[in-house]
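Biologist: I am new to this model. Please show me the chain, and then let us talk it through.

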Amino acid sequence: MFQKVLATFGSGGARIDARLLDSTAAPGRPLRGEVLLLGGEVDQEIKGLAVTLLARVGVPGDRTEDLPFETRQLVGGEVIRAGQQIRVPFEVPLPWETPVTSVYAKPLAGMAVGVRAELDLAAAVSDPFDADAVAIEPLPAQKRILDALSRLGFTFREAVLEQGRVDGARQQLPFFQEIRFTPSPRFAGVFSQVAVTFLTSAERTDVVLEVTKRVRVSKTGGFGGRGQDFLGMFTVQPDVRWEQQLEDWLDQVARPRGIFD
């Protein structure tokens, strides 16, 4: 009886150990792994075993929270015997808007996306399990845009996740990713930052570009105006010279200030 009481409070009870089978994944593709379910000192009823995808997202109040955005139930309503070991394979479909966390095997600074196994035992206190980080590489259409910016001389600065929605865009998740770049020398005097957001579905990939204009300083030393953000949205199409497309749009945004006139 004492062992049953301890198991109720998590001591000597069943536990789990999860691991990923895929070293990398991509949006819209399944993420494979397995959970090792280890029986404790007494038989216990499993109310539920699930894996959940989490992302560290910036929320109002200058805070971050680990928000779940996909869950897959694996096991429920079964009994694990004392000392029993069970391997439970899983596949979690990654949403098409899953944030990119790695490009060409190089982690993006600022990204924290992972998968967490959660065990719910009848009459027991279940402790949360730490999430295992997931390396999510961009899709070919996304790589095409990132490569184009790199060839234009833009350098990666950071990546962030923000809670909210992009105005005028089709969006599924309650947050979006910004991959931020330092402008190329050609645009460094005009823009302080260029940010890319991918909104992808099974049918298409939309690219949202946000550029922040630098604050203009007048000849007298005062500020001639506040920095402004400009949005552009494109759908990735095959056989498009994206270096030219992006550069043309950036030129158009820059011209009203007379930089290139």
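**Helices and rings**

Biologist: How do α2 and α3 lie, roughly parallel or roughly perpendicular to each other?

Modeller: This is a predicted model, where local features need pLDDT of at least 70 and side-chain atom pairs pLDDT 80 or more, while totals for chains, interfaces and linings use all residues. Residues are numbered from 1 along each chain, and side-chain values use heavy atoms, without hydrogens and water. The axes (lines fitted to C-alpha atoms over the stretch in contact, angles from 0 to 180 degrees between N-to-C directions) of helix α2 (residues 140-151) and α3 cross at roughly 65 degrees. Angles under 35 degrees count as roughly parallel, over 145 as roughly antiparallel, 65 to 115 as roughly perpendicular and the rest as oblique, so α2 and α3 are roughly perpendicular.

Biologist: Which residues in α3 meet α2?

Modeller: Helices are DSSP runs (H or I, at least four residues; strands are E, at least two), numbered from the N terminus, and contact means heavy atoms within 4.5 Å. Arg-144, Ile-145, Ala-148, Leu-149 and Arg-151 in α2 meet Trp-242, Glu-243 and Leu-246.

Biologist: How far apart in sequence are the parts that Phe-69 and Phe-175 tie together?

Modeller: Rings of Phe, Tyr and Trp (its six-membered ring) pair if their centres lie within 6.5 Å, with planes under 30 degrees apart stacked, over 60 edge-to-face and the rest tilted; the count comes to 6 aromatic pairs. Phe-69 and Phe-175 are edge-to-face, 5.7 Å centre to centre with 85 degrees between the planes. Phe-69 lies in strand β4 and Phe-175 in strand β12, so the parts tied together are separated by 106 residues.
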